[in-house]
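Okay, everyone, thanks for coming.

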Amino acid sequence: MRAVVVKAFGGPETVEIVETAVPEPGPGQVRIKVAASAVNPVDAAYRAGVLVPLPEGGLLGLGWDVAGTVDAAGEGTPFTTGAEVIALAYGPAPLKAQAEYVVVDASAVAPAPASVDAVHAATVPLNTLTAAQALDLPGLAPGSTLLVTGAAGAVGGYAVQLAHRDGITVVALAGADDEELVRSFGADRFVERGAVTGPFDAVLDAAVIGADALAYVKDGGDYVGVIPQAGPPSVRGIRVQVVEVAADGARLAELVKLVDQGALTPRVARTYPLEQAADAHTRLAEGGVRGRLVLVP
Ligand SMILES: NC(=O)c1ccc[n+]([C@@H]2O[C@H](COP(=O)([O-])OP(=O)(O)OC[C@H]3O[C@@H](n4cnc5c(N)ncnc54)[C@H](OP(=O)(O)O)[C@@H]3O)[C@@H](O)[C@H]2O)c1
């Protein structure tokens, strides 16, 4: 099968396609025939070598998000062949989701949404889970105020939708061109970069503003970052926490229900054939993409 990997860290040109054996699922695992896999900022970070070293053997696979069909199921998994699923392919491995087949733990898998195609479904796992798990950290009560930075992005957009649904008063920070978009997610207020007034009970910093975003949090409030091990030092009694996404098929299944209810909106910017993975990385690096770039094997 074909798979997207890097063998050396660098720019988009280091993204390669290799021919390799189809992986076999072990006990508790399933093999998914991949229909689509989104390209996320974490893929760019893996490619650039800023997150993890090359695994033994010298291949680092790319692709955390997958939508496809269960093609082989190991012992003790609740999924049967032919099931339409999505999954989070978590962490570093020589082969990941940007491939013709991927093996994942069944505990990371959920039934695919019925309301969207596989290309849109492939944008759901990483960023809905991250947004939901980030919102768990401050545990805000209905009526609390939350500033979401990067609200037009994948994590930020889903976070606005989830927080709005939970009765939180959501203020969305984004560029002026994105006002209509973030209001459509349920933001109660829109603020442009450079025009934020606060303070808010909490900030979810999906734009990675960092220490400067603490100025928007009330004394003793909450800051939630998205870059593990890189939260800014606390000031004024602010509780600083950072989300590190965890694969959680049961939670993902709940989020899939919200997709099917129209409460979460998967967004696709464009698709690329798997062979053009490097072009997708080039486009992502240019910035300003709204919706995900999705690879189709
Ligand atoms: N911790 C985890 O487990 C985890 C999981 C998933 C993602 N992440 C991280 O979360 C971050 C967001 O991911 P994503 O997929 O949502 O990225 P994304 O879709 O590219 O969204 C980021 C958004 O932030 C905006 N932005 C950038 N700088 C800004 C600034 N100074 N002020 C306001 N907005 C700004 C961007 O706007 P422009 O495009 O106009 O610049 C974009 O709308 C990434 O760093 C990603 O690696 C972490």
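So, the C-alpha centres of domain 1 and domain 2 lie 27 Å apart. Quick heads-up before I go on: this is a predicted model.

What are those two domains? The chain is divided into domain 1, which takes in 2-124 + 266-296, and domain 2, which covers 127-242. How do they touch? Five residues of domain 1 are in contact with five residues of domain 2. On the domain 1 side of that contact you'll find two nonpolar, one polar and two charged residues.

Now, the ligand. How many residues surround the ligand? There are 28 of them, and the closest are G150, G153, V155, A207 and V245. As for elements, the ones giving two or more residues to this shell are α1 (41-48), α3 (125-136), α4 (154-165) and β10 (169-174). By class, the shell splits into 16 nonpolar, 10 polar and two charged residues. And which domains does the shell draw on? Both domain 1 and domain 2 give at least three residues each.

Let's move to the sheets. Here's a bit of background: strands in a sheet pair through backbone hydrogen bonds, and the pairing can be parallel or antiparallel. We get to see each kind here.

Start with the six-stranded one. It's an open sheet, and reading across, the order is β11-β10-β9-β12-β13-β14, with parallel pairing. Which strands sit at the edges? Those are β11 (189-192) and β14 (239-242), and each of them pairs on one side only. From one strand to the next, the twist averages 20°. If you zoom in on the β14 end, strand β13, residues 217-225, pairs with β14 in the parallel sense over four bridges.

Find α4, one of the elements from the ligand shell. Helix α4 lies across β9 (145-149), β10 and β12 (200-205), and it runs at about 165° to β9.

The other sheet has three strands. It's open as well, in the order β2-β1-β4, and here the pairing is antiparallel. The edge strands are β2 (15-19) and β4 (60-61), each pairing on one side only. Strand β1, residues 2-6, pairs with β2 over five bridges, in the antiparallel sense. In that pair, V6 stands opposite V15 of β2.

Okay, two helices next. α3 packs against α6, which is residues 249-260, at an angle of about 100°, and their axes are 10 Å apart. That angle is why we call α3 roughly perpendicular to α6. Who makes the contact? From α3 it's P125, T128, L129 and A132, and from α6 it's R251, L252 and L255. Sorted by class, that gives five nonpolar, one polar and one charged residues.

You'll find P199 in the loop between β11 and β12. Then there's V208, which isn't a glycine but has a positive phi of about 55°. Look for V208 in the loop between β12 and β13.

Notes: Residues numbered from 1 in each chain as written. Predicted model: local features only at pLDDT ≥ 70, side-chain atom pairs only at ≥ 80, totals over all residues. Near = placed C-beta within 6 Å. Nonpolar A, V, L, I, M, F, W, Y, C, P; charged D, E, K, R; others polar. Domains from an automatic or database assignment. Contact = placed C-beta atoms within 7 Å. Axes fitted to C-alpha atoms, helices over the stretch in contact; angles between N-to-C directions. Parallel < 35°, antiparallel > 145°, perpendicular 65-115°, else oblique. Pairing = 2+ DSSP bridges.
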